[in-house]
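This briefing covers strand pairing and chain crossovers. Please look over the sequence and the structure first.

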Amino acid sequence: MSTALQPALSQVLLASARHIQDVLQGASLTDCLAQTPAPLRAASQAHSFYCLRHLGLAQELRQLLVPRQPKEAWFDALMLQALLLVDVAVQVQADKNVFADRPETPVYSVHTVVDQAVEAAQSQRSMRPLKNLLNAVLRRFIRERSALLEKAQRKPQARWNHPMWWIRALKKAYPSQWQTILQVANIPAPLTLRVNQRRCSVARMLALLEQAGIEAWSPAEPTIVLAQARPVQQIPAFDLGWWSVQDHSAQLAGQLLPLADGMRVLDACAAPGGKTAHLLEQADIELIALDADARRLTRVHENLARLGLDGAHVQIQAAEAQAVAQWWDGKPFDAILADVPCTASGIVRRHPDIRWLRRAADVAATAALQQQILQALWGTLKPGGHLLYVTCSIFPEEGQQQIDHFLTQQADAVLLPQSPLQRLPTVDTPEQAGGDGFFYALLQKRPN
């Protein structure tokens with residue numbers, strides 16, 4: 001039943017179908033959600049996330065049921081989503097507890113999904129002529145579900161829910177681990193916090209969460225993992241700046257770069273400011289924060305203000321890191337954080353649209369840009385100083401291969417043994433810190 005607080009499922013289906021359509025046409029899901037009316041945003045995000053995590057299966061099912069892809073892209077996206085929700089509904093009908101450990105899964109009755117999907121098509125002039133097709137397709141899927149699923153999952157893209165080029169790349173790079181990597185990518189990541197230890201301790205924050213009835217644990221300092229994600233405004237002490245949302249793997253950046261009070265430090269690709277704040281939380285440094293996108297630097301200002309770091313010695317500037325002549329004053333840095341642009345292939349459990357937005361050629365393109373940035377920044381680092389190279393990628397071309405090439409080009413560069421190098425995405429548990437896929441290489445410039 002539709003209320004002002006709970007939009008009708010048909011409306012949610014239309015909104016999330018539009019998101020899926022836009023992602024398949026190259027738009028970021030984050031941008032799509034930002035343009036979604038507030039009453040629809042949370043529900044359509046949940047539906048979109050689920051559909052994107054199972055899109056390969058949905059596309060293969062639709063191909064089996066409707067071999068000629070509908071010309072109306074919005075309708076096609078609605079059909080893909082409805083097939084997945086009917087599949088969930090049939091499973092719940094057989095076992096009501098089947099998704100008990102996956103609260104993010106959208107669960108409705110079979111009748112509700114079919115009825116509301118058809119209602120969604122009926123409500124739009126462009127889809128109205130296709131509503132009977134949608135009804136017939138969903139009812140046929142219900143009748144023949146087992147056989148259709150068995151046939152669909154013979155295709156790797158349907159089984160693993162990633163593009164074929166991505167699957168092949170992981171097979172080549174990780175011949176004994178690629179299946180686990182793909183499986184973990186489809187497990188929603190938890191909400192992970194980094195405690196601002198200038199304002200609060202991990203123990204104090206855990207006590208505050210327990211008092212609020214929020215189950216959480218700390219696998220390692222300064223990380224806290226919440227058992228169930230929730231809006232940040234519902235978590236105590238957000239406005240007090242006691243913590244930031246940041247994946248455990250991403251938190252290593254602020255811990256690995258050697259810092260001391262008074263150092264001159266560069267955060268070369270700073271927005272939205274999570275790692276910038278972490279550096280400022282670590283020591284009283286003189287920091288320059290760069291980003292090529294001036295609009296995203298607004299978030300850096302906002303984050304620093306909330307965390308009480310806006311009074312620190314920090315200069316925020318819009319500039320491309322590799323265009324050194326445009327922003328550098330010639331005074332060398334003691335330390336540089338180079339969290340460079342990448343394919344973001346290591347964070348797909350948080351951003352399931354990434355796998356469908358990227359193309360195989362993107363890996364080489366980002367690797368070339370990374371090489372330019374790394375070479376340019378090296379010239380701004382003082383002898384004896386440290387540069388931490390970071391990507392949230394799991395493709396070797398953006399990680400180990402990049403550093404191997406750099407070391408052949410720079411005789412004064414040393415890869416330090418504390419570099420963790422490639423971290424693959426792993427599930428977070430109370431016993432062990434998990435995290436997204438990241439690559440870290442800590443380099444030191446030889447003293448003169």
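Two strands are taken to pair if DSSP finds at least two bridges between them. The model is predicted. In it, strand 2 and strand 3 (residues 223-226) run antiparallel and are joined by two bridges.

- Which residue of strand 3 does Ala216 stand opposite? The residue facing Ala216 is Leu226.

**Parallel pairing**

- Strand 5 (residues 264-267) is paired with strand 6 in the parallel sense, over four bridges.
- Within this pair, Val265 stands opposite Leu287 of strand 6.
- Strand 6 also pairs in the parallel sense with strand 7 (residues 314-318), over five bridges.
- Leu290 has Gln317 in strand 7 as its bridge partner.

**Crossovers**

- A right-handed β-α-β unit is made by strand 5, helix 13 (residues 274-282) and strand 6.
- From strand 6 the chain passes through helix 14 (residues 297-306) to strand 7, and this β-α-β crossover is right-handed.

**Burial of strand 6**

- Why is strand 6 (residues 286-291) described as largely enclosed by the rest of the structure? Five of its six residues are buried, so the description applies.
- Buried here means under 20% relative accessible area.

Technical notes:
Residues are numbered from 1 along each chain as its sequence is written. This is a predicted model: local features need pLDDT of at least 70, side-chain atom pairs count only at pLDDT 80 or more; totals for chains, interfaces and linings use all residues. Side-chain values use heavy atoms; hydrogens and water are left out. Buried means under 20% relative accessible area, exposed over 50%, partly exposed in between (1.4 Å probe, protein chains only). A crossover is right-handed if, with the strands pointing away from the viewer, the path from the first strand over the helix to the second runs clockwise.
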